[in-house]
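This report describes a structure with attention to its chains, its helices and its contacts. Please keep the sequence and the model in view while reading.

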Amino acid sequence: MQINRRTALLGAAAIGVAGTRHARAAKNYGPGVTDTEIKIGQTMPYSGNASAYGVAGRTQAAFFRMINDQGGINGRKINFISLDDGYSPPKTVELTRQLVERDQVLLMFYSLGTQTNTAIHKYMNQKKVPQLFVATGASKWGNPKAYPWTMGWSPDYHTEGAIHARAILEAVPDAKIGILRQNDDMGNDYLDGIKEGLGADGWKRVVADATYEVTDPTVDSQILQLRNAGVNAFLNVSTPKFAAQAIKKAAEIGWKPKHHLMSVSASVGAVLRPAGFENAQGIVTAQYAKDVSDPAWANAPDYKEWKAFMDKWNPTINPFEGSSVTGYASAVTLVHVLTQCGDDLTRENVMKQAASMHQLAIPMLLPGIKLNTSPTDYYPIQSVQLARFETDHWVLFGELQSRDVA
Amino acid sequence: MDFFVQQIAAGLTSGAIYACVALGLVMIYVSTDHINFAQGEMAMFATYLAWAMIDAGLPYWIAFGLTVAVAFAGGLFIQRVVLKPLENAPVLALVVCFIALLSIFNALAGMIWSYTIKQFPSPFPARDVFGNGLVSVQQLGVVAVTLVMLGLLTVFFRYTTLGLAMRAAAQNATSARLMGVRVSWMLALGWGLAAAIGAIAGMLVAPIVFLDPNMMTGILVYGFAGALVGGIGNPLGAVAGGFIVGVLENLVGSYVIGNELKLTFALIVVVGVLLLKPAGIFGRVIVKRV
């Protein structure tokens, strides 16, 4: 057991005040932890542009209420403080500082957004506070050498881009590839993955790389550019609203390329239904979590458990909004890590446990997907499976695919 | 060549959207001398009302009419309740108030209807006019409705006593009052009309960009650009400005600077116009006697 100066000082102070603390020397607590409570912080866009993702935070709050109702983690209740940063980095910085310095949380969990997490990346690592399972697919979170206190969760955009690129090369031998992507970190990250997946020869097949800004009202003009370039394999790296517009516009102008859609926008309820199922037939995406609109899962034990949780603890959320599944599965992952910590609830041990997941199965992820981490591998989920949209749901096909990051 | 024509057609459609929003902005500016930052969110909220009515089973046109009426009443109500007490307040207080309205409507819509996008039905069939994917009936419809609204507004402001009274109330409240114009109610009427125009714009835009609480945020910026380019005090100019911005943005984006700088381009156009011709391309320079 490792006792640093801070905990030793805290312990000494506690002995001075209470006099009884030394009797429990086996317990080792970091900030935010007592015999009865673990304090966890989060920033989440409950308002503003990205508020659709707020569903994840609400689902996690409901999940921790359920865990507390069942007795908590090793007898400690979770005190989950999730604050609204409106997806605005300066606000994220302010709220994170408040959570770390005033509320003294043990760790930050599943804070959402690439720019927002980037804004606190250095701060969290200087302060040595776990920035755990950040809710963004950027590839930069898995860098334990430079940032040992930050870890991602979902498959990163780089991995996904590479897998889509390889799939296109296989499926369309004479591919003329066109890319539509958001002009930001996410789009660039994805593009790097696509480049890697295509290789130098494959990259020559890219005939158009169109970008849009989040402020653009529509992507109509970009879709016309892609069709005009003769694209027959379309990699759609756009966020939900723009993805729906692209699917609809492509159908309107009678353009039918092989269409690959990034997982962020693969929600049946939030994207494909508004875009029109008839326009979405045959689109391919990559999944790592179970699509709840797929009747194939109706009898899976983890689906039933999730559904029961949603009905009882989270009834105000539409279960078909995608983020409720990922929010749930990530919360299960955190509970696993905290349970593993036992009575050694220091920030150091949290990171140590988070970095020693071995073949961990988490409910609501696709069968066969296991979480693996090590002190040099900070990417918990790295496998996805391709799925094709048929009638009104995704149908999985092919093998699980991974991209290994050493 | 085909591509060029297509980009112009797509530009005209987005231009029509900007023009619609610009019209609402001009409406409030002409009748109250202010720029309403909440115009877009009010339009979005009205569109949600229409969506809720259609979702509840009302036929499209009845929902359309009801929404325009409700929006008119809502605009009137906001002016009476929220802005009336601020009639003599400094401009900054009003700006703060507009921004507050913006975030209130945005958050309310999100709270009531959630943030996931919704499909909004279009009164126009999703058919091609020429059968070559160039112009859809939907696009043509948006342009047509915008032009009709423009015509009605022009007639209203230029040829009716009420329109004249509203313009007078906005430009010189004291003189208007002395002439027997009920200035305060003219302002309220302006708000009602602007909200109604906004509702129509929202319902035209929603089938194209999909309905969500942030539907108007991006569009409003381009709407401003359109209104400023054409002249914020001139309905005809605002509509022309909207079309100009829409088409230029597409052409410049496709051929010259790439898609990344489209918004920047729109803003540069605004700055350029304001520098060279502050009243806008079609605007008349108004000299106020002090």
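## Overall build of chain B

From the N terminus on, the elements of chain B follow the order α-α-α-α-α-α-α-α-α-α-α. Chain B thus has eleven helices and zero strands; helices (H or I, at least four residues) and strands (E, at least two) are DSSP runs, numbered from the N terminus. The model is a predicted one: local features need pLDDT of at least 70 and side-chain atom pairs count only at pLDDT 80 or more, while totals for chains, interfaces and linings use all residues. Residues are numbered from 1 along each chain as its sequence is written, and chains are lettered from A and ligands numbered from 1 in the order in which they are written.

## Dimensions and packing of chain B

The C-alpha trace of chain B spans about 60 × 50 × 35 Å along its principal axes. Its radius of gyration is 19 Å, which agrees with the value near 19 Å for a compact globule of 290 residues. This radius is taken over C-alpha atoms, and the globule rule is 2.2 Å times the number of residues to the power 0.38.

Of the 290 residues of chain B, 50% are buried. A residue is buried if 20 or more other C-beta atoms lie within 10 Å of its own, exposed if 12 or fewer, and partly exposed in between, with C-beta atoms placed from the backbone.

## The helix α1 of chain B

Helix α1(B) covers residues 2–32 and has 31 residues. From its first C-alpha to its last it reaches 45 Å, close to the 45 Å expected at 1.5 Å a residue; the expected span is 1.5 Å times one less than the number of residues. Of the 31 residues of α1(B), 26 are buried, and the helix is mostly covered. Just after α1(B), B:Asp33 takes a positive phi of about 70 degrees.

## Contact between chains A and B

How many residues does each chain give to the contact? Chain A gives 31 residues and chain B gives 33 residues, where two residues are in contact if their C-beta atoms, placed from the backbone, lie within 7 Å. On the side of chain A that touches chain B, the elements that give two or more residues are β7 (206–212), α7 (220–228), α8 (240–252) and α9 (268–275) of chain A. The largest share of this side, six residues, comes from α7(A).
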